[in-house]
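The structure is shown first.

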Amino acid sequence: MRREIPLIITGLVGIVFVVQYFIPHWPFNRMNAWFSDWFSIVQACAIWLGALNLLKISLEKIARRKSDWGYAVVIIASFLLITIIGFVEGESFRDPGTRFTWLYDFVYTPLSSTMFAILAFFVASASYRAFRARNFEATLLLLAAFFVMMGRVPVGDALTAFMPEGWRLTDLATWIMNFPQTAGQRAIMIGIALGIVSTSLRIILGIERSHLGGD
Amino acid sequence: MPSVVASITVEDTPNDGGGAVTVRWEVSADELSGGVNRYVLYRSTSQDGAFEEVGDATSNATTFIDGSTEDGVSYYYKIVPLPKSMIGQPTPPAWVDAARTAGPVSSSAQWFDWRRINVLVGVLILCVFIIYYINQAKAGKKLFIRKIAGLEAVDEAVGRATEMGKKIYYIPGTQDMDNVQTIAGVTILGRVAELAAQYETYLQVPVSRSLVLVTAREIVKEAYSKAGRPDAFQEDQVHYLTDDQFGYAAGIDGMVVREKPATIFFMGAFYAESLILAETGNSIGAIQIAGTGMPSQLPFFVAACDYTLIGEELFAASAYLSREPKLLGSLKGQDMGKALILIAIIVGLLLETFGIWNFSRLFSVIQ
Amino acid sequence: MSTRIKEILVVALVLVFCAIIYIGKVSGWMKGVTFSPAVSMIVIILLAASLAVILVLTIRGRLVGRRTVFVYVGIAVALPLFMSISQYIPISPEVRTLHDGLEDLQDGSKVLVSFDYDPPSAPELQPMAESFFRYCMDRDFKIVIMGLWPQGPLQANQAMEKVLEDPKYAAKNYQYGVDWVNLGFQTGNEFVIQRMGTDFRSMFATDYSGANYETLPIVKNVKNFSNVDYVFNLSAGYPGTVEWVQVAVDRYGVKLGAGNTAVQAPQCYPYLRSGQLIGILGGMNGAAEFEKLTGHEAKGTKFMLSQSFSHMIVIAFIIIGNVAFFMGGRKKNLSV
């Protein structure tokens, strides 16, 4: 029964979800909202599972002096700091001028932006390593990368300013983005959509059950 | 006062769950000369009763959906064009009186959304194919599946970690369990965990969602039992980091740089963190296998990983790795769906190019 | 010198650089630091020369590592911020169509702006948000703000504060609740969009600060998508532009324009070609182009020089990488 009950629930909910897409009448038109509310509630409650797990693992690391336990101290300290300040500030914790907002603006925002900014460096190193004219396909990829990168910045246009309008690097980049790129994206998107339908059907029919733990 | 609209019609909004009336009008003669800025709509339950304002629309619009009606009640509508100078000021009652009236109309709920009939037909055809081939497979028909390099390499990748005596990392994406890609990701995790248990190699699964934590832990535990090594499973093998996208990326990058795993799997839905994770893994020389259905992240994985499952290959992985006939059957059905789409594209291309018939109309969902 | 010492040196250098910039910013003398065109040219020539040296080294068989690439990207991003070189910014069709769609609206139209991003992507998307708000105020549009990401509405407030710092826009006297409103964040991803299709109020019973939906004059007549004239979505991932297209455009026929991070933008091009999206602002250059079209050159335009430089550096290293590849007999997989 441990496996059957979740399978039945999954199947039923899956079928109802498909059906409600085609039936605008009550109660079907409310189901989407109900399910999303339930999911939000489950998700919100589950946040504690994650938070407690993080604390447990970090505390164990510190208690047993496992390797790199110093990082666990940082995790616990930051976790407690932001949680306590959030509670102390009360309902208006997001208002301008609160300590929570200060932490958000001057700690969280710059740290997150830094991580995102690393992308620029990694794009450079990945391009340096990966864009090599190994064979015909790789050469095509390399050329596309070259033209799009040049065409997406003003300098590309400046370098080809002598060309007639419509034949400059910017136009070439736009063409690559609009046609070959979009065609590729569409092909991949169609494949993915079919994959999603097929996976969903397998889950609804109970054929795919490994996500419930084993076969 | 601008001239009234040329005509006004009302109807129960089709294909909806009730509670809405659609009002359509032909623009006021003064709109072309710029004398109209907005149209204000009024509603009443009787033709001569008091009309109250229900909404407004800009002068470019010719339709308005009043989504606040009660089903079964008859309503009358009026529409008053306003010049820019009158915006924000109360409309003179004489203007409302002078406006054309339309009605009565009442809203009701429908039992089928006819705009989606094409989607229904498409989904049914696809489902019939998939179920047919699942049955074929169950009946013992041999099905061919092409080699997927990334999945062939799973054994090798786990084996390499064993040889080197290092960890395996498995990253199931940054989305929650309501994303099919995450489900596909944790499904593959089961197979990888089983292999890791057999090879006695430590598998670490840092996750970014609490619900994924619960699911992934259960899957890994089962996999260890299935491999005959339930005692080797440790609770903290699967652990939570943070829901925050870049916090998660930073956490994993730190762990990767410090612990230098031999193998890293990225299977699930990823966003901008994909390259940050994959490039860090690449820098420590780990063998990396990625799979995602996010088209914009695929180039990053292709550039930084040894193998990448592109889109649908991620969803096919479970069938590929288990070789279970029923799962393989569903893949075959999916391929038939793809063949149909290809045929539709070619037929549509020809018909539309030569202007024979408006074929794309069949696939439109907007009315 | 061991790698560890090199790392410590680089970190120390970066820290010193940051400290100088910070002190300069606080004390105010940084504002005036700008390289003249001549100095800018010298810097560019020096950079190009050093890249040529790297090329020669590569031809001689000494391949530079990824850390060198990182240093060059850092320089290419940072130095142009001080340069005074003006660039001609060409307008791409997808930005022009987005702008044309906005131009078609009447003055005083209602626009819904969904902020579906968080601080990490703010450097790319915030300039778009700010210039979009400026444009809206120029046209007296009523602005309804919402967010499918928890931090989105905070970003919206920041953008609005920034725009209102400009005396020109402060003088417009945009009143909260009448001319603009921030409805805040609502959890539920695409389901939020779907429910807004029938009833906005069911998703946003109160605004960001807790005021009742009914008490806000700007949304008094806004019940569903047919009551807003244009939807603009600023997105950095899920939920974002794709969900807006699939639900708001496909089911409710809204006019949708989008601003995306450069990483995310390619995924939205298929929707542009099919007409489901009016236009896209993709990354920093999308922001710069929109600024140019709307006549308010701001952050986007300023940062484009950095973008140009970093693209050139990446291209230079791709060339160097290929030289190394061909010199290494095409078969040897040169590690970086």
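In chain C, strand β2 (residues 142–147) is joined to β3(C) by 4 bridges, and the two strands run parallel. Within this pairing, C:G147 has C:F185 of β3(C) as its bridge partner. Two strands count as paired if DSSP finds at least two bridges between them; helices (H or I, at least four residues) and strands (E, at least two) are DSSP runs, numbered from the N terminus.

This is a predicted model, in which local features need pLDDT of at least 70 and side-chain atom pairs count only at pLDDT 80 or more, while totals for chains, interfaces and linings use all residues. Residues are numbered from 1 along each chain as its sequence is written, and chains are lettered from A and ligands numbered from 1 in the order in which they are written.

**Sheets**

The β2–β3 pair of chain C belongs to an open sheet of 6 strands in the order β3-β2-β1-β4-β5-β6, with parallel pairing. Its edge strands, β3 (180–185) and β6 (279–282) of chain C, each pair on one side only. Neighbouring strands are turned by 15° against each other on average, direction ignored; angles run from 0 to 180 degrees between N-to-C directions, and axes are lines fitted to C-alpha atoms, for helices over the stretch in contact. Helix α5 (residues 122–138) of chain C packs on this sheet, touching β1 (110–116), β2, β4 (230–235), β5 (256–260) and β6 of chain C, and its direction makes about 160° with that of β4(C). Helix α10 (residues 241–252) of chain C also packs on the sheet; it touches β1, β4 and β5 of chain C, and its direction makes about 170° with that of β5(C).

Chain B holds an open sheet of 4 strands in the order β4-β3-β6-β7, with antiparallel pairing. Strands β4 (52–58) and β7 (101–105) of chain B stand at the edges with a single partner strand each, so one side of each is left without a neighbour in the sheet. Antiparallel strands β3 (residues 38–44) and β6 (residues 75–82) of chain B are joined by 7 bridges, and B:R38 has B:L82 in β6(B) as its bridge partner.

**Helix packing**

| Helix pair | Angle | Axis distance |
|---|---|---|
| α4 (residues 99–130) of chain A and α7 (residues 273–283) of chain B | about 55° | 9 Å |
| α3 (residues 149–164) and α4 (residues 180–199) of chain B | roughly 35° | within 10 Å |

The crossing of α4(A) and α7(B) is left-handed, whereas α3(B) passes α4(B) in a right-handed crossing. A crossing is left-handed if the near helix is turned anticlockwise from the far one by less than a right angle, and right-handed if clockwise. In the chain B pair, B:V154, B:D155, B:V158, B:G159 and B:T162 of α3(B) meet B:V192, B:L195, B:A196 and B:Y199 of α4(B); residues are in contact if their C-beta atoms, placed from the backbone, lie within 7 Å.

**Domains and chain contacts**

Chain C is divided into domain 1 (3–87 + 301–327) and domain 2 (93–297), with bounds from an automatic or database domain assignment. The centres of these two domains of chain C, taken over C-alpha atoms, are separated by 35 Å. Contact between them involves 4 residues of domain 1 and 6 residues of domain 2 of chain C.

Between chains, 64 residues of chain B are in contact with 50 residues of chain A. Helix α5 (residues 210–226) of chain B supplies the largest share of the chain B side, 11 residues.

Methods
Contact = placed C-beta atoms within 7 Å.
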